[in-house]
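This report asks the reader to examine one chain, part by part. Please keep the sequence and the structure in view while reading.

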Amino acid sequence: MTHEPIIETHGLTKRFTAKKKTVEAVADLTFRVARGELVAFLGPNGAGKSTSLRMLTTLLPPTEGTARVVGSDILRDPGGVRARIGYVGQLTSGSFAQRVRDELLSQGAFFGLSRASARVRADELIESLDLSSFATRTVQQLSGGQKRRVDIALALMHAPPLLFLDEPSTGLDPQSRANLWQHILELRERHGTTVFLTTHYLEEADRYAERVMVMDRGRIVADDTATRLKAELAGDVVTLGFADADEARRAAGVVRGLTDREARVVEREVSVTAPDGDALLPAAIRALDEAGIAVRSATGVPPTLDDVFLALTGRTLREADDSGQADENDQQQTAQDEAAGPAKKEAVR
Ligand SMILES: Nc1ncnc2c1ncn2[C@@H]1O[C@H](COP(=O)(O)OP(=O)(O)O)[C@@H](O)[C@H]1O
Ligand SMILES: [Mg+2]
């Protein structure tokens with residue numbers, strides 16, 4: 001039993017019908033998550049991330065398919081699922097009038113904890129999420145990043161082994177985002193919490209998540225570590241510079257003999273996207289030298305997850321985001337600065 005996946009889905013599908021038009025928001029989601037994993041569900045706006053999370057957290061019944069979450073079936077035992085998960089939705093409240101610590105104690109009572117164990121748990125989370133400096137402030141007085149941490153603490157009062165976070169960092173400035181991630185990583189270290197979150201920020205999925213599931217148009221199009229996705233689906237971009245365009249064209253001929261990848265010529269430069277740029281770069285320089293062509297500059301740039309998304313879908317994530325409902329961009333601009341203190345008005349959420 002202990003090796004049972006903490007999440008297991010089979011063909012989870014959700015179709016919405018409005019005004020005789022049917023939208024397949026999530027199609028045939030089939031995957032497993034092991035205990036202790038940190039999984040990022042990455043995809044543009046409208047990809048189906050929230051809908052997936054809402055099915056897994058029993059807030060929305062699937063049109064087809066099944067899932068087991070922490071040992072319970074989402075349809076047959078939604079109560080069992082809810083008792084064992086924490087969930088912070090995309091649009092979180094953050095407008096409570098109580099002080100942070102009292103808010104946590106109320107939440108403990110809601111989950112049926114005794115007053116004593118609620119106090120112990122609240123203090124543990126106040127420490128883990130670094131809330132002590134404002135534990136006696138009311139939630140309304142906090143910055144965006146602080147509120148998000150309080151939301152996470154609230155979701156963890158009953159010590160669930162699995163935490164779902166829907167776009168936890170959206171709307172925060174880069175510093176607060178980095179800070180939030182440190183806390184998420186720490187929670188996992190300290191409490192062994194399995195974390196399943198969604199994001200449309202490539203850099204953070206790349207940097208912090210050990211497993212990235214790329215979602216596009218309701219489907220999972222890739223599922224692996226960021227490192228392997230980049231190595232297998234994208235490649236380093238190797239760019240070599242020459243004296244002039246003629247020389248660059250001659251050089252491209254030489255480079256084409258070294259790789260089956262396309263060598264593009266742009267003005268005085270030749271560039272190749274290759275899975276093993278580290279090896280290609282010196283080999284190309286040597287071959288060009290032998291051909292009597294002088295290399296003026298050489299760079300190798302590692303791929304990003306955006307290159308992976310492009311390789312998988314033919315669009316960059318940004319383009320895909322722009323064509324989705326671009327509502328979140330506004331939130332980003334009204335983001336709060338962690339350091340700006342509690343007096344600022346909250347972004348429209
Ligand atoms: N309640 C709903 N009714 C109709 N369509 C919906 C509903 N919720 C989501 N959708 C549609 O499903 C698709 C996926 O949405 P969502 O899961 O919110 O994507 P994401 O969280 O990745 O931005 C979108 O096309 C969205 O418009
Ligand atoms: Mg969403």
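## Overall form

The model described here is predicted. The chain contains 13 helices and 14 strands. Along the principal axes, its C-alpha atoms fill a box of roughly 80 × 45 × 45 Å. Of the 349 residues in the chain, 41% are buried.

How is the chain divided into domains? The domain assignment gives domain 1, covering residues 7–230, and domain 2, covering residues 235–301. Taken over C-alpha atoms, the centres of domain 1 and domain 2 are separated by 45 Å.

## The surroundings of ligand 1

Which residues surround ligand 1? The shell consists of F16, A18, V23, A25, G43, N45, G46, A47, G48, K49, S50 and T51. Sorted by class, this shell has 5 nonpolar, 6 polar and 1 charged residues.

Three elements each supply at least two residues of the shell around ligand 1: strand 1 (7–18), strand 2 (21–33) and helix 1. The largest share, 3 residues, comes from helix 1.

Helix 1 spans residues 49–56 and is mostly covered, with 8 of its 8 residues buried. These buried residues are K49, S50, T51, S52, L53, R54, M55 and L56. Among them, K49, S50 and T51 also belong to the residues around ligand 1.

Helix 1 is followed by T58, which has a positive phi. The value is near 70 degrees, and the residue is one other than glycine. T58 is placed in the loop between helix 1 and strand 4 (64–69). Is T58 buried or exposed? T58 counts as buried because 21 other C-beta atoms lie within 10 Å, and the cut-off for a buried residue is 20 or more.

D130 is another residue, other than glycine, with a positive phi, here near 55 degrees. D130 lies in the loop between helix 4 (115–128) and helix 5. D130 has 15 C-beta neighbours inside 10 Å and therefore counts as partly exposed. T58, by contrast, is buried.

## How helices pack

How do helix 3 and helix 5 pack? Helix 3 (residues 100–110) and helix 5 (residues 144–155) meet at an angle of about 25 degrees, and their axes are 9 Å apart. Helix 3 is therefore roughly parallel to helix 5, because angles under 35 degrees count as roughly parallel. The crossing of helix 3 and helix 5 is right-handed.

Helix 5 also packs with helix 6 (residues 174–191): their axes come within 9 Å and cross at roughly 20 degrees. This angle makes helix 5 roughly parallel to helix 6. Helix 5 and helix 6 have a right-handed crossing.

A further pair is formed by helix 8 (residues 226–233) and helix 11 (residues 305–313), which pack at an angle of about 55 degrees with their axes 9 Å apart. At this angle, helix 8 is oblique to helix 11. Helix 8 passes helix 11 in a left-handed crossing.

G253 is found in helix 9 (residues 245–256). G253 counts as partly exposed because it has 13 C-beta neighbours inside 10 Å, whereas a residue is exposed if it has 12 or fewer. G253 and E290 are 37 residues apart in sequence, and their C-alpha atoms are 13 Å apart in space.

Where does P282 lie? P282 is part of helix 10 (residues 277–290). P282 has 11 C-beta neighbours inside 10 Å, so it counts as exposed. Between the C-alpha atoms of P282 and A298, the separation is 9.5 Å, while the two residues are 16 residues apart along the chain.

## Summary

In this predicted model, the chain is assigned two domains, domain 1 and domain 2. Helix 1 supplies the largest share of the shell around ligand 1, and helix 1 is also mostly covered. Helix 5 is roughly parallel to helix 6, whereas helix 8 is oblique to helix 11.

Methods: Residues are numbered from 1 along each chain as its sequence is written. Chains are lettered from A and ligands numbered from 1 in the order in which they are written. This is a predicted model: local features need pLDDT of at least 70, side-chain atom pairs count only at pLDDT 80 or more; totals for chains, interfaces and linings use all residues. Helices (H or I, at least four residues) and strands (E, at least two) are DSSP runs, numbered from the N terminus. A residue is near a molecule or strand if its C-beta atom, placed from the backbone, lies within 6 Å of it. Ala, Val, Leu, Ile, Met, Phe, Trp, Tyr, Cys and Pro count as nonpolar, Asp, Glu, Lys and Arg as charged, and the others, Gly among them, as polar. Domain bounds come from an automatic or database domain assignment. Axes are lines fitted to C-alpha atoms, for helices over the stretch in contact, and angles run from 0 to 180 degrees between N-to-C directions. Angles under 35 degrees count as roughly parallel, over 145 as roughly antiparallel, 65 to 115 as roughly perpendicular and the rest as oblique. A crossing is left-handed if the near helix is turned anticlockwise from the far one by less than a right angle, and right-handed if clockwise.
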